Amino acid sequence: MTNTSAVIIMSNTLQALGLKRLLSDSFSIDAAVVQHPSDIIDCSDSVDFFFTDAEHFVAHLSFFLPRQSRTIVVSENSATTAEQTHIDPTAPQERIVEALAAHIKRTASDANDGNTLSQRETEVLRLVASGCINKEIAHRLNISINTVPMENRMLPST
């Protein structure tokens, strides 16, 4: 696999560095380790996978939720949503590699099926679900009202 990128955002530096090495050796994934999601917010759309621990995931939900299909939680506790992949850092290396390979394959398959929403479409959908009207959506996303999807224009206003 080439040109695949990952960002590791974890509290445990040793786990982060070990995961970086594992990704590089097993999958040829170019991984960077950062301390906080704000360190990569400008380039987050170009990142294929995010690895984080439960602590960072919960603390930065607004960052990870729109990217949850690309987020892998590294934690001994497997309480994650159906959209996330969980990896136990205490598992044998072979099991970790198998879990990562399955997630990478599933993500590639999802991207090719045409049914996956883009990050921007997910943002618009979340705003529609929260009751925002087109003008509010356009303002919050800093886009023209004409860019807001036509489907939303057919929804009744409240």
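**Figure 1. Helix α6 has an exposed side and a buried side.** Lys 135, His 139 and Arg 140 are exposed on one side of α6. Exposed means over 50% relative accessible area, buried means under 20%, and partly exposed lies in between (1.4 Å probe, protein chains only). Helix α6 spans residues 134-141, and its buried residues are Asn 134, Ile 137, Ala 138 and Leu 141. Seen down the helix axis, these buried residues fall within an arc of 95°, so they line one face of α6. The arc is taken from the directions that run from the helix axis to the C-beta atoms. Helices (H or I, at least four residues) and strands (E, at least two) are DSSP runs, numbered from the N terminus.

This is a predicted model: local features need pLDDT of at least 70, side-chain atom pairs count only at pLDDT 80 or more, and totals for chains, interfaces and linings use all residues. Residues are numbered from 1 along each chain as its sequence is written, and side-chain values use heavy atoms, with hydrogens and water left out.

**Figure 2. Asn 142 and Ser 28 each have a positive phi.** Asn 142 follows α6. It lies in the loop between α6 and α7 (150-153). Its phi is about 55°, although Asn 142 is not a glycine. With a relative accessible area of 71%, Asn 142 is exposed. Ser 28 sits in the loop between α1 and β2. Its phi is also positive, about 55°, and Ser 28 is not a glycine either. Ser 28 is partly exposed, at 48% relative accessible area.

**Figure 3. A salt bridge joins Arg 21 and Asp 25.** The N to O distance is 2.8 Å. A salt bridge is a side-chain nitrogen of Lys or Arg within 4 Å of a carboxyl oxygen of Asp or Glu. By this rule the count is one salt bridge. Arg 21 and Asp 25 are four residues apart in helix α1, so about one helical turn separates them. Both residues are exposed.

**Figure 4. The largest nonpolar core has 19 residues.** A nonpolar core is a set of buried Ala, Val, Leu, Ile, Met, Phe, Trp, Tyr and Cys residues joined through side-chain atoms within 4.5 Å. Ala 6, Ile 8, Leu 19, Leu 23, Phe 51 and Leu 100 have the most contacts inside the largest core. At least two residues of this core come from each of β1 (5-9), α1 (13-27), β3, β4 (71-74) and α4 (93-112). The largest share, five residues, comes from α1. Another core lies apart from this one; it has ten residues, among them Ile 9, Ile 40, Val 47 and Phe 50.

**Figure 5. His 56 is buried in helix α2.** Helix α2 covers residues 54-59. The relative accessible area of His 56 is 10%. Leaving aside neighbours within four places in sequence, His 56 is in contact (heavy atoms within 4.5 Å) with Ile 9, Met 10, Ser 11, Gln 35 and Phe 64. A polar atom of the His 56 side chain lies 3.3 Å from the backbone oxygen of Gln 35.

**Figure 6. Ser 46 is exposed in a loop.** The loop runs between β2 (30-34) and β3 (49-53). Ser 46 has 54% relative accessibility. Its side chain reaches the backbone oxygen of Cys 43 at 2.8 Å. Ser 46 and Ala 6 are 40 residues apart along the chain, and their C-alpha atoms are separated by 9.4 Å.

Terms used:
Polar contact = N/O pair within 3.5 Å; in protein donor to acceptor, adjacent residues only side chain to side chain.
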